[in-house]
Amino acid sequence: MPNKTVTLMKKKNQYPIYEHWYKTLNWILDFSERIPKNARFSIASRLSNLSLDILDNIIDAIYSKNRRSFLNNINRLLEKLRVLMRLCYDRHYMKLKQYENITRAIEETGQMTGGWMKADGQTG
């Protein structure tokens with residue numbers, strides 16, 4: 001019986017969205033740890049949870065034949081994450097360059113998700 005970790009490692013090479021989001025997730029988790037204490041249990045935990053939920057949905061989509069609900073969830077979660085990142089920028093928890101970089105990474109993930117939906121014939 002193949003090791004699930006090895007199987008996922010093989011599959012992730014076929015899904016660039018996995019590798020892209022994994023790197024983005026690492027950045028978000030590091031950033032969340034630096035949010036001021038007064039917002040750590042609200043905004044920081046929400047950022048972490050949303051980002052981890054996105055990874056969960058990517059993995060579920062990789063292993064599912066019916067990906068539509070997972071891909072729709074990814075898009076919905078990305079939109080929530082965009083709003084929270086804007087809030088972090090507005091509250092001066094991050095610098096402009098950080099905000100630009102994370103919004104670009106989120107946008108790229110959204111484009112990859114849309115491309116995946118289109119490739120699977122699941123748009124609309």
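Visitor: How many aromatic pairs does a search of the whole structure find?

Guide: Four aromatic pairs turn up in that search. Keep in mind that this is a predicted model.

Visitor: And how do I read a pair like that?

Guide: A pair of aromatic rings is described by two things, the distance of the centres and the angle of the planes. Take Tyr15 and Trp116: their rings sit 5.2 Å centre to centre, with 45° between the planes, and the pair is tilted.

Visitor: Which parts of the chain does the pair of Tyr15 and Trp116 tie together?

Guide: Tyr15 is in the loop between α1 (4–12) and α2, while Trp116 belongs to helix α5, so the pair links parts that are 101 residues apart in sequence.

Visitor: Are Tyr15 and Trp116 buried or exposed?

Guide: Both Tyr15 and Trp116 are buried.

Visitor: What about Tyr89 and Tyr99, what kind of pair are they?

Guide: Their ring centres are 4.9 Å apart and the planes meet at 20°; planes under 30 degrees apart count as stacked, so this pair is stacked. Tyr89 lies in helix α4 (residues 68–90) and Tyr99 in helix α5, so here the parts tied together are ten residues apart in sequence.

Visitor: How exposed is each of the two, Tyr89 and Tyr99?

Guide: Tyr89 has a relative accessible area of 27%, so it's partly exposed. Tyr99 comes out at 16%, which means it's buried.

Visitor: Helix α5 keeps coming up. How do I read two helices packed together?

Guide: Two packed helices are described by the angle between their axes and the distance between the axes. Look at α2 (residues 16–33) and α5 (residues 96–119): their axes come within 10 Å and cross at roughly 155°. Angles over 145 degrees count as roughly antiparallel, and α2 and α5 are therefore roughly antiparallel to each other. The crossing of α2 past α5 is left-handed.

Visitor: Which residues make the contact between α2 and α5?

Guide: From α2 you have Pro16, Ile17, His20, Trp21, Thr24, Trp27 and Ile28. On the α5 side, they are Gln98, Ile102, Ala105, Glu108, Thr109, Met112, Thr113 and Trp116. Sorted by class, that contact has nine nonpolar, five polar and one charged residues. Notice Trp116 in that list: you've already met it as the ring partner of Tyr15.

Visitor: One last stop: where is Ser48 found, and is Ser48 buried or exposed?

Guide: Ser48 is in helix α3 (residues 37–63). Its relative accessibility is 15%, so Ser48 counts as buried.

Visitor: What is Ser48 in contact with, leaving aside its neighbours within four places in sequence?

Guide: With those neighbours set aside, Ser48 is in contact with Leu29 and Ser32.

How values were computed
Residues are numbered from 1 along each chain as its sequence is written. This is a predicted model: local features need pLDDT of at least 70, side-chain atom pairs count only at pLDDT 80 or more; totals for chains, interfaces and linings use all residues. Side-chain values use heavy atoms; hydrogens and water are left out. Axes are lines fitted to C-alpha atoms, for helices over the stretch in contact, and angles run from 0 to 180 degrees between N-to-C directions. Helices (H or I, at least four residues) and strands (E, at least two) are DSSP runs, numbered from the N terminus. Angles under 35 degrees count as roughly parallel, over 145 as roughly antiparallel, 65 to 115 as roughly perpendicular and the rest as oblique. A crossing is left-handed if the near helix is turned anticlockwise from the far one by less than a right angle, and right-handed if clockwise. Contact means heavy atoms within 4.5 Å. Ala, Val, Leu, Ile, Met, Phe, Trp, Tyr, Cys and Pro count as nonpolar, Asp, Glu, Lys and Arg as charged, and the others, Gly among them, as polar. Rings of Phe, Tyr and Trp (its six-membered ring) pair if their centres lie within 6.5 Å; planes under 30 degrees apart count as stacked, over 60 as edge-to-face and the rest as tilted. Buried means under 20% relative accessible area, exposed over 50%, partly exposed in between (1.4 Å probe, protein chains only).
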